[in-house]
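Reader: Please take a close look at the aromatic rings in this model. I would like to know how they pair and what sits over them.

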Amino acid sequence: MIIIDPILIIDSGHGGKDPGGGTNHLWKEKDFALQISLYQYDRFRQLGIPVTLTRNEDVFISSVDRARIVRESGAQYCFSNHINAGGGDGVETIHSIHTDPTLATRLAQGIVDEGQNLRRVFSRRLTTDPKKDYFFMHRETGSVRTTIIEYGFADSKLDDVEQLQTYWMDYAEAVVKTFTTFIGREYKSPNQMLPKVQRKVNGLLNGERVTIDSYLIKNTTYVPLRFIGESLDAKVVWDAQRNEYNIVTKK
Ligand SMILES: [Zn+2]
């Protein structure tokens, strides 16, 4: 068996009993960070880039264990995903004092290109020992090049809260795109990775008679759930809280 080391380890900040400071009335930072991380994990796998995660569920990991998981992952790079708090607005990326800011700058710029504004790209030294990093994710993760990404502020007085809710996937994708290009791999957008359109299907969508595309994947034809449901005169309701669709038929 050949075991391929991951190039990248994605760290979802916080988890379990630690909700994270970037929490507000709409979300907990630990959940938001995990959502972003799982999205990126799937995308990197689609792109054929070996990737792993520090956590894939809502569990608490101590900072010692978290750093050890990253250090021992075999990865060369780590992204630590977070939502900021403290009243600012915009994206921040933080790199180690021992690495140049190129990757951190590009990651921030990628998110800015998706409409987020830039707060800062920086590194921070430990006050008691300026030869060391302030953040443990830099200080304790060995030779893994770690970038902390704060996608925006949970308590922004400007528009971060709305932007994060609406565009988080674009920001997450911006990181996928930037990193893929940074390591010299071929990037394809999610749309470019869709299977080929097979045939047109007629039906109803939001009460309109429309013709839409279908996709053939492993001998099964796929069309959007809402389209099928509404074509059969059912109501299709997305329950964001439970992360599920409900199809309600009229009786
Ligand atoms: Zn955090």
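Author: A charge sits over a ring if NZ of Lys or CZ of Arg is within 6 Å of the ring centre and within 35 degrees of the ring normal. By that rule, lysine 17 lies over the face of phenylalanine 60, at 4.4 Å from the ring centre. The charged end of arginine 120 is placed over the ring of phenylalanine 122, 3.8 Å from its centre.

This is a predicted model, in which local features need pLDDT of at least 70, side-chain atom pairs count only at pLDDT 80 or more, and totals for chains, interfaces and linings use all residues. Residues are numbered from 1 along each chain as its sequence is written, and side-chain values use heavy atoms, with hydrogens and water left out.

Rings of Phe, Tyr and Trp (its six-membered ring) pair if their centres lie within 6.5 Å; planes under 30 degrees apart count as stacked, over 60 as edge-to-face and the rest as tilted. The whole structure holds nine aromatic pairs. In one of them, the ring centres of tyrosine 77 and phenylalanine 182 are 6.1 Å apart and the planes stand at 90°, so the pair is edge-to-face. Tyrosine 77 belongs to strand β3 (residues 77–84) and phenylalanine 182 to helix α5, 105 residues apart; helices (H or I, at least four residues) and strands (E, at least two) are DSSP runs, numbered from the N terminus.

Phenylalanine 79 and phenylalanine 179 also form an edge-to-face pair, 5.2 Å centre to centre with 85° between the planes. This pair again links strand β3, through phenylalanine 79, to helix α5, through phenylalanine 179, 100 residues apart. Ring pairs join Phe44, Tyr77, Phe79, Phe179 and Phe182 into a cluster.
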